[in-house]
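Subject: Structure handover

Hello,

Here is the structure I promised to pass on. Please open it first, then read my notes below.

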Amino acid sequence: MSRWGDAENKNNAQIRVQPFYIPGNLAPFTVPAGTLTHVMHWESGRASFKTVRGASVQPGAPVGF
């Protein structure tokens, strides 16, 4: 997670799937303070991403954003 050297950048994270120049393959977002767990599920022809608050990916954990 990074502001990529720009302290004014409000988006401090991004999900990027290659090739990044295809619309929908780059998703910048703002990470809230606190512990978060990021999950990627990759299958043939598709990748999905989820962020949850805390240090667990247990079923029922609240989605961070």
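A word on terms before the layout: strands here are DSSP runs of E with at least two residues, and they are numbered from the N terminus. With that in hand, the elements of the protein chain read β-β-β-β from the N terminus on. That is four strands and zero helices. Please keep in mind that this is a predicted model.

**The chain overall**

The protein chain has 65 residues, and 15% of them count as buried. Its accessible surface comes to about 5200 Å². Carbon and sulfur atoms hold 56% of that surface. Take the contacts with a separation of 6 or more: residues 24 or more positions apart account for 10% of them.

**The β3-β4 hairpin**

Strand β3 covers residues 36-43, and strand β4 covers residues 46-53. The two run antiparallel, joined by eight bridges. Together they form a hairpin, with two residues between the strands. Gly45 sits in the turn and has a positive phi of about 80°. Across the pair, His41 stands opposite Ser48 in β4.

**Thr51**

Is Thr51 buried or exposed? Its relative accessibility is 10%, and the cut-off for buried is under 20%, so Thr51 counts as buried. The side chain of Thr51 also makes a polar contact, at 2.9 Å, with the side chain of His38.

Best wishes

Terms used:
Residues are numbered from 1 along each chain as its sequence is written. This is a predicted model: local features need pLDDT of at least 70, side-chain atom pairs count only at pLDDT 80 or more; totals for chains, interfaces and linings use all residues. Side-chain values use heavy atoms; hydrogens and water are left out. Two strands pair if DSSP finds at least two bridges between them. Buried means under 20% relative accessible area, exposed over 50%, partly exposed in between (1.4 Å probe, protein chains only). Contact means heavy atoms within 4.5 Å. Accessible areas come from the Shrake-Rupley method with a 1.4 Å probe; for residues, only the protein chains shown count as cover. A polar contact is a pair of N or O atoms within 3.5 Å; within protein, one must be able to donate a hydrogen and the other to accept it, and residues adjacent in sequence count only if both atoms are side-chain atoms.
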